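Dear colleague,

Please find below the structure that I am handing over to you. My notes on what was found in it follow directly after.

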Protein chains: 2
Amino acid sequence: SISQDIDHILETQSALSVDLGGTNLRVAIICMKGSIVKKYSEHNPTTFEDRMHLILQMCKTAIQDAVCLNCRILGVGISTGGRVNPQEGVVLHSTKLIQEWSSVNLRTPISDALGLPVWVDNDGNCAALAERKFGHGKGVENFVTVITGTGIGGGIIHHYELIHGSTFCAAELGHVIVSLEGPECSCGSRGCIEAYASGLALQREAKRLNDEDLLKVEGMDVKLSEPITAAHLISAARMGNSKADAVLRKASSALGVGIVNILHIVNPSLVILSGVLASYYKEPVQHIISQRALASAQTIKVVTSDLEEPALLGAASMVLDYATRRTY
Amino acid sequence: SISQDIDHILETQSALSVDLGGTNLRVAIICMKGSIVKKYSEHNPTTFEDRMHLILQMCKTAIQDAVCLNCRILGVGISTGGRVNPQEGVVLHSTKLIQEWSSVNLRTPISDALGLPVWVDNDGNCAALAERKFGHGKGVENFVTVITGTGIGGGIIHHYELIHGSTFCAAELGHVIVSLEGPECSCGSRGCIEAYASGLALQREAKRLNDEDLLKVEGMDVKLSEPITAAHLISAARMGNSKADAVLRKASSALGVGIVNILHIVNPSLVILSGVLASYYKEPVQHIISQRALASAQTIKVVTSDLEEPALLGAASMVLDYATRRTY
Ligand SMILES: [Ca+2]
Ligand SMILES: [Ca+2]
Ligand SMILES: [Zn+2]
Ligand SMILES: [Zn+2]
């Protein structure tokens with residue numbers, strides 16, 4: 001009927017985004033302009049079967065909701081921790097942050113179950129794609145994004161395109177090593193920037209200080225029921241706790257030196273920091289660059305991301321950029 | 001005359017190569033197939049004027065010799081330490097290894113004096129170009145070369161092309177940092193792989209041990225007149241000197257971890273080691289990769305270069321690849 005045709009015309013071309021992190025499994029409906037129309041979040045299950053089941057269930061709910069919201073879903077974009085072969089839509093290998101998540105073909109089962117094309121990439125790479133389409137990376141030929149959340153991820157844009165590498169292991173920026181010894185990392189190595197500066201690493205140090213009764217300072221309000229996190233470490237340092245301050249200085253140094261290594265290897269013109277700790281790290285990272293980078297790399301700009309949800313937006317951008325071409 | 005025409009036909013298309021290192025200034029006539037027809041070497045002068053004068057003088061001698069050798073010189077390719085803008089033919093900035101070598105336009109004066117087109121790039125980048133045209137990098141889409149000589153340099157080939165970076169500071173692999181503290185580097189930072197594993201760094205440690213009378217072991221023959229070098233450190237370690245061995249282990253670790261960082265940033269399929277210490281470092285570097293790289297990066301191949309003179313051959317390759325196009 002004519003009214004159905006008009007409804008169809010009024011629909012907004014949209015993507016279904018899935019973000020698989022160490023803690024949460026999230027799904028969102030995202031429209032062409034990059035606004036998040038609706039968002040869903042659950043705890044990420046620890047087994048492969050439960051996780052696959054929940055992904056499909058959440059996607060089906062979102063697809064139903066999309067009809068009412070006048071969003072026409074063009075495809076599904078998936079952002080996940082671990083190494084991903086985006087050509088095949090397969091998670092090759094993941095660290096301990098996501099269990100049972102190696103050699104997992106996401107494209108075939110999800111595409112079959114939902115009848116939609118599916119794109120998959122690493123969370124850090126998705127964040128870089130988000131910056132390229134919607135953020136500070138728009139029109140920038142060479143930039144790097146570093147996400148400090150539970151872990152540390154990243155993506156590298158060179159000549160306007162992602163660097164995936166020969167075995168899809170490029171831009172594993174969390175596992176840039178800044179110490180021959182250094183703390184153990186979830187990847188099995190040690191001295192990685194993730195082991196110094198991620199949310200999990202700071203939480204580990206905050207808990208250690210708290211266990212030794214060295215975290216709380218006068219005037220600091222920590223409820224007994226509340227889990228100790230990186231935020232407590234940052235408040236303690238701000239309130240004069242020198243041990244907390246030393247931990248954060250070391251974390252900032254490690255992250256800064258890791259970023260200097262990125263500058264000396266691919267030399268981007270812009271570094272975009274995102275994730276919950278981005279604004280905390282921006283200033284110390286700039287300071288470390290001024291101390292330890294080659295003169296020719298000093299002109300680099302460091303900014304914090306303006307995007308609310310880089311991984312979800314980047315996963316959507318794969319759909320929105322490629323769905324019309326229908327090529328994987 | 002007819003005999004002149006035939007002479008002209010029999011000439012081999014060739015390049016003049018210049019290599020400016022921390023120690024020597026070398027010039028070579030290199031023919032299209034990559035063989036070095038004639039080579040000249042002098043000590044690299046410490047002042048800008050003397051260096052420019054000597055470059056021109058050596059090139060003029062080589063150009064005269066080329067006539068007798070039936071080599072038709074198509075242009076001049078220059079390999080130099082420091083950061084280079086190859087589009088302009090300008091050395092932007094150099095470390096202390098080459099004095100008075102910042103903001104130096106090499107193309108204009110040399111091209112004007114010799115009447116030949118001039119190409120310039122960083123020594124590490126030239127080594128990568130040499131591997132791409134004549135060495136293990138032939139037909140390889142993504143590879144990295146790391147040169148351990150007096151200093152440490154490198155070049156990165158991505159999609160068959162060099163990565164130069166936004167300020168021509170990419171692939172400064174000697175200044176990949178593997179320790180938050182660590183030994184001081186010629187670049188002003190500390191903990192760079194060059195400060196641990198270069199010929200100069202090993203020589204520094206060998207001299208230190210020798211000064212403390214801890215270098216020589218029984219049966220080791222060191223003449224008083226002979227300067228102490230990395231080679232003495234290696235022989236001492238092989239003959240059971242545990243202090244020399246510890247220095248070399250730390251150097252190998254540092255180089256290996258630096259290369260792991262390269263793998264986690266650009267993820268090449270091949271690492272080519274060149275320079276005098278390449279064969280020494282190959283095995284320990286492979287070992288460190290097996291210990292500290294992500295599973296997805298373990299498939300990397302590490303080989304030593306077969307090329308006699310990577311920097312000279314790479315400088316020649318710029319001429320031989322681009323001279324017919326006559327574009328800089
Ligand atoms: Ca990544
Ligand atoms: Ca280089
Ligand atoms: Zn790691
Ligand atoms: Zn350095």
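In helix α7 of chain A (residues 230–238), the buried residues are A:Ala230, A:His232, A:Leu233, A:Ile234, A:Ala236 and A:Ala237. Here, buried means under 20% relative accessible area, exposed over 50%, and partly exposed in between, with a 1.4 Å probe and protein chains only. Helices (H or I, at least four residues) and strands (E, at least two) are DSSP runs, numbered from the N terminus. The cover over the buried residues of α7(A) includes α6 (199–211), α8 (242–265) and α9 (278–292) of chain A. After α7(A) comes A:Gly240, which has a positive phi near 100°.

Please note that this is a predicted model, in which local features need pLDDT of at least 70 and side-chain atom pairs count only at pLDDT 80 or more, while totals for chains, interfaces and linings use all residues. Residues are numbered from 1 along each chain as its sequence is written, chains are lettered from A and ligands numbered from 1 in the order in which they are written, and side-chain values use heavy atoms, with hydrogens and water left out.

Also in chain A, strand β2 (residues 24–31) holds A:Arg26. A:Arg26 is buried, at a relative accessible area of 15%. Its side chain makes a polar contact of 2.7 Å with the side chain of A:Glu309. A polar contact is a pair of N or O atoms within 3.5 Å; within protein, one must be able to donate a hydrogen and the other to accept it, and residues adjacent in sequence count only if both atoms are side-chain atoms. Beyond its neighbours within four places in sequence, A:Arg26 is in contact (heavy atoms within 4.5 Å) with residues including A:Asp19, A:Tyr40, A:Met58 and A:Leu312.

Turning to the two chains together, 48 residues of chain B are in contact with 48 residues of chain A. The area buried between them is about 3700 Å², with 60% given by carbon and sulfur atoms; buried area is the accessible area (1.4 Å probe) that two parts lose on being put together, summed over both. On the side of chain B, B:Leu180, B:Ile265 and B:Arg292 lose the most area to chain A, together 22% of what that side buries. Between chain B and chain A there are zero salt bridges, a salt bridge being a side-chain nitrogen of Lys or Arg within 4 Å of a carboxyl oxygen of Asp or Glu. Across this interface, 32 residue pairs are in polar contact, both residues at pLDDT 80 or more. The elements of chain B that give two or more residues to the side touching chain A are β10 (152–158) and α8 (242–266). Of these, α8(B) gives the most, with 11 residues.

Chain B also supplies the protein donors of the calcium ion (ligand 2): B:Asn122 (OD1), B:Asn125 (OD1), B:Gly154 (O) and B:Ala171 (O), at 2.4 to 2.8 Å from it. Donors are N, O and S atoms within 2.8 Å of the metal (3.2 Å for Na, K and Ca); water is not among the atoms, so sites may look incomplete. Both B:Asn122 and B:Asn125 are buried.

Finally, the structure holds zero disulfides over all chains, a disulfide being a pair of cysteine sulfur atoms within 2.5 Å. The sulfur of B:Cys31 has its closest cysteine sulfur in B:Cys71, at 6.6 Å, which is too far for a bond. B:Cys31 is buried, with a relative accessible area of 10%, and B:Cys71 is buried as well, at 8%.

With kind regards
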